[in-house]
Amino acid sequence: MAIRDQARKNHDQLFPGHTSRLAVTDPELIEVFDNFAFDEVLQHGDLEPRIRLMVQLASMIACQALREYRIMLGAALIVGVTPVEVKEIVYQSVPYVGMAKVYDFLHATNEVLSERGIQLPLQGQSTTTPETRDDKGREVQGQIIGADRVEKLYASASQTALAITFRVAASIFLHANCLR
């Protein structure tokens, strides 16, 4: 089996001029993988490469695939994911997987950006303050699940229930901390 032309074209879009070491040591696996990942999978979706790579970066943080993250971060930058978007993906991962799991990804992100001549720190992007983030978070929750449902949820829960109930507590934490 050979790597199909479309798979090669899609691979080269993300990794111009790069030949994987695995293509040398494990050519059969790479033929199957490249045909699958860079051709077959793409036939069943319509996400543009920039959005697809953003989703992949977030998923690599979640599953702790640091080496692959570094590789795909380079590809993401090639297809137009901005440094600000990359940092936001990393920052937004903290409430979901924890700082301990994001820590190495943050350093890897900084290293890759610096290697590409991007000056750090990036300009701040926060759109809330400690005083406004709770209201803004509830507003976003309302847009997602309905303002009436959000208000009923908060009105029906005691302060203790809000602090203890996992779903409610997680919801409060995420809406208060995922807006910047």
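Is Phe105 buried or exposed, and what is its relative accessible area? Phe105 is buried, with a relative accessible area of 1%; buried means under 20% relative accessible area, exposed over 50%, and partly exposed in between (1.4 Å probe, protein chains only). This is a predicted model, in which local features need pLDDT of at least 70 and side-chain atom pairs count only at pLDDT 80 or more, while totals for chains, interfaces and linings use all residues. Residues are numbered from 1 along each chain as its sequence is written, and side-chain values use heavy atoms, with hydrogens and water left out.

**The nonpolar core**

- The largest nonpolar core has 27 residues, where such a core is a set of buried Ala, Val, Leu, Ile, Met, Phe, Trp, Tyr and Cys residues joined through side-chain atoms within 4.5 Å.
- Those with the most contacts inside this core are Leu14, Leu53, Leu57, Ile61, Tyr69, Leu73 and Val86.
- At least two core residues come from each of α1 (5–14), α3 (27–40), α4 (49–62), α5 (66–78), α6 (83–97) and α7 (99–115); helices (H or I, at least four residues) and strands (E, at least two) are DSSP runs, numbered from the N terminus.
- Helix α5 gives the most to this core, with 6 residues.
- As general background, nonpolar side chains tend to be buried together in soluble globular proteins.

**Aromatic pairs**

- A search of the whole structure finds 3 aromatic pairs; rings of Phe, Tyr and Trp (its six-membered ring) pair if their centres lie within 6.5 Å, and planes under 30 degrees apart count as stacked, over 60 as edge-to-face and the rest as tilted.
- One of them joins Phe15 and Phe38, with ring centres 6.4 Å apart and planes at 85°, so the pair is edge-to-face.
- Phe15 lies in the loop between α1 and α2 (21–25) and Phe38 in helix α3, so this pair ties together parts that are 23 residues apart in sequence.
- Both partners are buried, Phe15 with a relative accessible area of 11% and Phe38 with 10%.
- Another pair is Tyr69 with Phe105: the ring centres are 5.1 Å apart and the planes are at 85°, so this one is edge-to-face.
- Tyr69 sits in helix α5 and Phe105 in helix α7, so the pair links parts that are 36 residues apart in sequence.
- Tyr69 is buried, with a relative accessible area of 1%, and touches Leu57, Met60, Ile61, Val86, Val90, Phe105 and Thr109, not counting residues up to four places away in sequence; contact means heavy atoms within 4.5 Å.
- Phe15, Phe33 and Phe38 form one aromatic cluster.

**Where α4 meets α6**

- The axes of α4 and α6 come within 10 Å and cross at roughly 35°; axes are lines fitted to C-alpha atoms, for helices over the stretch in contact, and angles run from 0 to 180 degrees between N-to-C directions.
- The α4 side of the contact includes Leu57 and Ile61, and the α6 side includes Val86, Val90 and Ser93.
- Ser93 is found in helix α6 and counts as buried at 8% relative accessibility.
- A polar atom of the Ser93 side chain lies 2.8 Å from the backbone oxygen of Ile89.
- Ser93 touches Ile61, Gly98 and Val102, not counting residues up to four places away in sequence.

**Backbone details in the loops**

- The peptide bond from Leu120 to Pro121 is cis, with omega near 0°, and Pro121 lies in the loop between α7 and α8 (133–145).
- Gln64, in the loop between α4 and α5, has phi near 65°, a positive value in a residue other than glycine.
- Gln64 is partly exposed, with a relative accessible area of 36%.

Methods. Polar contact = N/O pair within 3.5 Å; in protein donor to acceptor, adjacent residues only side chain to side chain.
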